[in-house]
Amino acid sequence: MLLIVVAGCTNANVELNRADLRLEDRRTNQTRAAVFARVRPLGIWSAAPTTQDVAVLPTSAPVRSPGQSLPFDRDGCFIGLALSGGGSRSANFSAACMFQFERLGLLQKVDYISSVSGGSLTAAYYCLNGADWNPSAVQRKLTYPFASDLIAQTFFMPWNWIALMATDWDRSDLLAGSFRDVLFNRGGRPLTYGDLRPDRPRLLINATDLQSGRRFVFSNESFDQLNSDLSRYPIAYAVTSSAAVPVVLHPVTLRDYSTRFAQYRHLVDGGVSDNLGIQTLLETYAAQLATARGRRLPDPYPNGAVFIVVDAHTQFDAEISSKGDIGLIESLRIALGLTSTSLLNRVSSATLADLIVRSSPDEVTASQIRHQIDQLNDNGYLDMRDRSGHEVRVVYLSLAQVNDLPDLPFVGFSETLNSISTYFNISDREAYHLYQAADLLVREKFEVRLRAIVADLDRDAASR
């Protein structure tokens, strides 16, 4: 009991540089979670920028020469994959879609994965594992009842009660421990950002800063600002912060070691600021183009960008049509589910529209923008030109699009998908239906487009 009590801590991150070191002498983070990795080698800025600070990027630092492109950049195209929030539903649907992309040869070309909430479980697991990334292992681990585990540890394990009441140890620590034990350990050792696979892609997990309401991206640049060592930060805590629904879970706390004053960052669910994870990819791409132009460097992405968005949102279905009366507790549960689902769906729609508006050249009319938004929503695909004249292709694959497919496995299949809750519990049957949905969507709606993109990327890589 004493060990549990003293084990509680305010933050899991550790200091990177001693406080008495001059700023110019401090080392920077060099993990596989770098926002600006394509334009510069790792570790050259003492004051690391964020994606919101593009205008003040330093212009005198050395950069990678054009001949030193990383292997997965040979196609000259920025390829980003965004995985939405949605609890275990999102984790399993994201994995199912990624296996389809892998079958087509597209997943192997992705440069960045940006994830939110449930999608972060899948993104982090993929970016940490090679041989263990296979359907059997992924399906077994992502269907683990994390929510039930959390409830059991919170209410039915008396030895946890004192620590939860008397220390900084909280429900988010319990959930992080569950994530660690099931997904993010190797031989019992917790996996950290220093364990990210060295080949590709780069991992960008999104949370929301509770104080400012802005996105917080777990990246070298963000942790450089905190003077904190990202390579030693547990992946399980980053994923937990991305999924820390306010009220249900405690915020995940980071200590700011850049100052001697006691300062902290409190992080909650990334879906509060962007439930799709696409904005981080857009800003990363735009920042790299801006940096190259500002330094008069060759275009890092002459063949433009491909953004793939996997959205696990559903149309809310409370399954109460056959009930004559519902009680207070069930009413509250249903109201909470309806409110959160509707809110996230509206935020996702606004984010997609924002993607088009912010990327469009100044001469594009409002009518043309509305047409592009409708095209993306209706077809799940958009080919456009951004402000710098680059071709940008957007693939929007949503679980809700299953409703429009002609040949479904059985009557009521769409309603079955809509009834899968946004929790970190999921049944094997529900997970199986999500894999069916991903297979149907890709084969019947997106395969021709995706194969064409892969062919273009292969041709571009061969010509460079």
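**Stop one: a surface patch**

Select Phe 156, which sits in the loop between α5 (146-155) and α6 (158-166). This is a predicted model. Is Phe 156 buried or exposed? Its relative accessible area is 61%, so Phe 156 is exposed. Together with Phe 156 they form a nonpolar patch on the surface, with about 370 Å² of accessible area.

**Stop two: the whole chain**

Clear the selection and switch to cartoon view. The chain has 14 helices and 11 strands. Of its 464 residues, 55% are buried. Now consider contacts between residues at least 6 apart in sequence. Among these, 76% join residues at least 24 apart.

**Stop three: the largest nonpolar core**

Select Leu 81, Phe 93, Phe 101, Phe 184, Tyr 193, Phe 218 and Tyr 233. The largest nonpolar core has 91 residues, and these seven touch the most other members. Helix α14 (residues 428-463) gives the largest share of this core, 13 residues.

Zoom in on Phe 101. Which residues does Phe 101 touch, leaving out those up to four places away in sequence? They are Leu 81, Leu 106, Leu 107, Gln 108, Ile 308, Val 310, Leu 397, Val 442 and Leu 450. Another core, of 26 residues, lies apart from the largest one; Phe 36, Val 217, Leu 282 and Val 394 are among its members.

**Stop four: Val 217**

Val 217 belongs to strand β6 (residues 215-218). With a relative accessible area of 7%, Val 217 is buried. Beyond residues up to four places away in sequence, Val 217 touches Leu 204, Ile 205, Asn 206, Ser 222 and Thr 280. Next, draw a distance from the C-alpha of Val 217 to the C-alpha of Ala 34. The two are 183 residues apart in sequence, yet 10.0 Å apart in space.

**Stop five: an enclosed helix**

Select α9 (235-242). Why is α9 described as largely enclosed by the rest of the structure? Because 8 of its 8 residues are buried. The buried residues of α9 are Ile 235, Ala 236, Tyr 237, Ala 238, Val 239, Thr 240, Ser 241 and Ser 242.

**Stop six: backbone exceptions**

Most residues other than glycine have a negative phi, and most peptide bonds are trans.

- Asn 227 has a positive phi of about 55°, although it is not a glycine. Asn 227 is in the loop between α8 (220-225) and α9 (235-242). At 2% relative accessibility, Asn 227 is buried.
- Arg 296 also has a positive phi of about 55° and is not a glycine. Find Arg 296 in the loop between α10 (278-294) and β9 (305-311). Arg 296 is exposed, at 81% relative accessibility.
- The peptide bond from Arg 200 to Pro 201 is cis, with omega near -15°. Pro 201 lies in the loop between β4 (189-190) and β5 (202-209).

**Stop seven: salt bridges**

Side chains of opposite charge can pair when their charged atoms come close. The count here is 14 salt bridges.

Select Asp 209 and Arg 265. Their closest N and O atoms are 2.7 Å apart. This pair links distant parts of the chain: Asp 209 is in strand β5 and Arg 265 is in strand β8 (residues 264-269), 56 residues apart. Asp 209 is buried, at 6% relative accessible area, whereas Arg 265 is partly exposed, at 27%.

Move to helix α14. Asp 439 and Arg 443 form a salt bridge, 2.7 Å from N to O. Both lie in α14, 4 residues apart, about one turn of the helix. Arg 459 and Asp 456 form another salt bridge, with the closest N and O atoms 3.0 Å apart. For a network of salt bridges, select Arg 22, Glu 24 and Asp 25.

His 433 is buried, with a relative accessible area of 7%. Its contacts include Phe 410 and Leu 417. Then select Cys 77, buried at 1%, and Cys 97, buried at 0%. How many disulfides does the structure hold? The count is 0.

Definitions and conventions:
Residues are numbered from 1 along each chain as its sequence is written. This is a predicted model: local features need pLDDT of at least 70, side-chain atom pairs count only at pLDDT 80 or more; totals for chains, interfaces and linings use all residues. Side-chain values use heavy atoms; hydrogens and water are left out. A nonpolar core is a set of buried Ala, Val, Leu, Ile, Met, Phe, Trp, Tyr and Cys residues joined through side-chain atoms within 4.5 Å. Buried means under 20% relative accessible area, exposed over 50%, partly exposed in between (1.4 Å probe, protein chains only). Helices (H or I, at least four residues) and strands (E, at least two) are DSSP runs, numbered from the N terminus. Contact means heavy atoms within 4.5 Å. Patches are made of residues with over 30% relative accessible area and no salt bridge: like charges are joined within 9 Å, nonpolar side chains (Val, Leu, Ile, Met, Phe, Trp, Tyr) within 5 Å. Accessible areas come from the Shrake-Rupley method with a 1.4 Å probe; for residues, only the protein chains shown count as cover. A salt bridge is a side-chain nitrogen of Lys or Arg within 4 Å of a carboxyl oxygen of Asp or Glu. A disulfide is a pair of cysteine sulfur atoms within 2.5 Å.
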